[in-house]
Amino acid sequence: MFKFCKTWNSPNEQQMQMLPVSYSQSLMLALWKRCLFNNSLALSLSLSLSLSLSLSHRMEIRPLLMCFALCVVYATSKPTEKKERIHHDAPLSSREHDDAQGFDYDHDAFLGQKEAKSFDDLTPEESKRRLGVIVEKIDGDSDGFVTEVELKAWIKKAQKKYIYENVDRQWKDFDVNNDGMISWEEYKNVTYGTYLDDPEPDDGYNYQHMMARDERRFKMADQNGDQIANKEEFTAFLHPEEYDHMKDIVVLETMEDIDKNGDGFIDLNEYIGDMYNHEDEMEEPDWVATEREQFSEFRDKNKDGKMDREETLDWILPSDYDHAEAEAKHLVYESDLNKDGKLSKEEILNKYDLFVGSQATDFGEALVRHDEF
């Protein structure tokens, strides 16, 4: 295997030809994982795009490395821009929620905005038929009723299709033995196998440290502790901010990245230093002063000059208004004719226009995409 060299940022023609695609994929995977919570969101998303292109289409190494180089330049070329670590749930729809004007918001919330746009030509009969199939999928315990909890879970998954699509694109490359599961050994070998032979690589990255962090996160996502991840566990591993049981690892990794003096807390200088690059003695932008005030007045709740674990959790994963829960309650309230607190299939179909309308969504596509639900 061709070893990674000092000049990887600008490899020559011969090196480009010698590097195998699988090697570059491992590099992209390792760096993508590193920047997910440590570097800018732009770099993380750009690397993810480059990686997806590589894994899906086996693109040649030269354009892949060129794409990666552009990603790095784009992500690091604006030191005065604020780095955003706070994770907010996106709104369920860009439309106003006003049932008096129509149910477009509810349609977007129920299946996601992308699908809702493609359902404009369905007849009422076809909408009802396909909605009936969807209802059976939402009814997780198959008791013949849909509860608020089941509706909320469905809405949350419908709003996060892009995450599941991303995981699906990567799945086959990590599931080396094609058994429908991904073990830690499979993930480790695909991501780090090329680099672990050299304990002190010339590129400056500590892959042993990165691997240890990944293994810790993998174990947290692996809820049954068998060191093998199913699709949902692997999704939690790649996107821990989306899962309640992964909050601790998100906070821990964030604090490790920002806590430069290793005292287990985030002080004001570390907080600002994570967001703002002081290079070239540039004049601080106005938002830096605002963040200093935010730290003192809101982040540091106990006024001891630093953020502990709970304060960091409140900062990066705030308890926002739960749009999915509110929409689930709304749908049940509007459709529950006998007021028993749950919906039968008949009750949902009687109010089909609230969920999908007579010209709502392309359920053919939705049924395919919701098979994992």
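Which residues in α13 meet which residues in α16? In this predicted model, Lys-247, Asp-248, Val-250, Val-251, Thr-254, Met-255 and Ile-258 on the α13 side meet Arg-309, Thr-312, Leu-313, Trp-315 and Ile-316 on the α16 side.

Now look at how the two helices cross. Helix α13 covers residues 247–258 and helix α16 covers residues 309–316, and their axes sit 10 Å apart at an angle of about 100 degrees. Angles of 65 to 115 degrees count as roughly perpendicular, so that's the word for α13 and α16.

Two of the residues in this contact also form a salt bridge: the side chains of Arg-309 and Asp-248 come together at 2.0 Å, N to O. Arg-309 belongs to α16 and Asp-248 to α13, so the pair ties together parts that are 61 residues apart in sequence. Arg-309 is partly exposed, at 30% relative accessible area, and Asp-248 is partly exposed too, at 41%.

Salt bridges that share partners also build a network, made up of Arg-213, Arg-216, Arg-217, Glu-253, Glu-256 and Asp-257. Within it, pick out Arg-213 and Asp-257, whose closest N and O atoms are 3.0 Å apart. Arg-213 is in helix α11 (residues 207–221) and Asp-257 is in α13, so this bridge ties together parts 44 residues apart in sequence. Both of these residues are buried.

For one more, find Lys-152 and Glu-325, which form a salt bridge at 3.5 Å, N to O. Lys-152 sits in helix α8 and Glu-325 in helix α17, 173 residues apart. Across the whole structure, a search turns up 24 salt bridges.

Notes
Residues are numbered from 1 along each chain as its sequence is written. This is a predicted model: local features need pLDDT of at least 70, side-chain atom pairs count only at pLDDT 80 or more; totals for chains, interfaces and linings use all residues. Side-chain values use heavy atoms; hydrogens and water are left out. Axes are lines fitted to C-alpha atoms, for helices over the stretch in contact, and angles run from 0 to 180 degrees between N-to-C directions. Helices (H or I, at least four residues) and strands (E, at least two) are DSSP runs, numbered from the N terminus. Angles under 35 degrees count as roughly parallel, over 145 as roughly antiparallel, 65 to 115 as roughly perpendicular and the rest as oblique. Contact means heavy atoms within 4.5 Å. A salt bridge is a side-chain nitrogen of Lys or Arg within 4 Å of a carboxyl oxygen of Asp or Glu. Buried means under 20% relative accessible area, exposed over 50%, partly exposed in between (1.4 Å probe, protein chains only).
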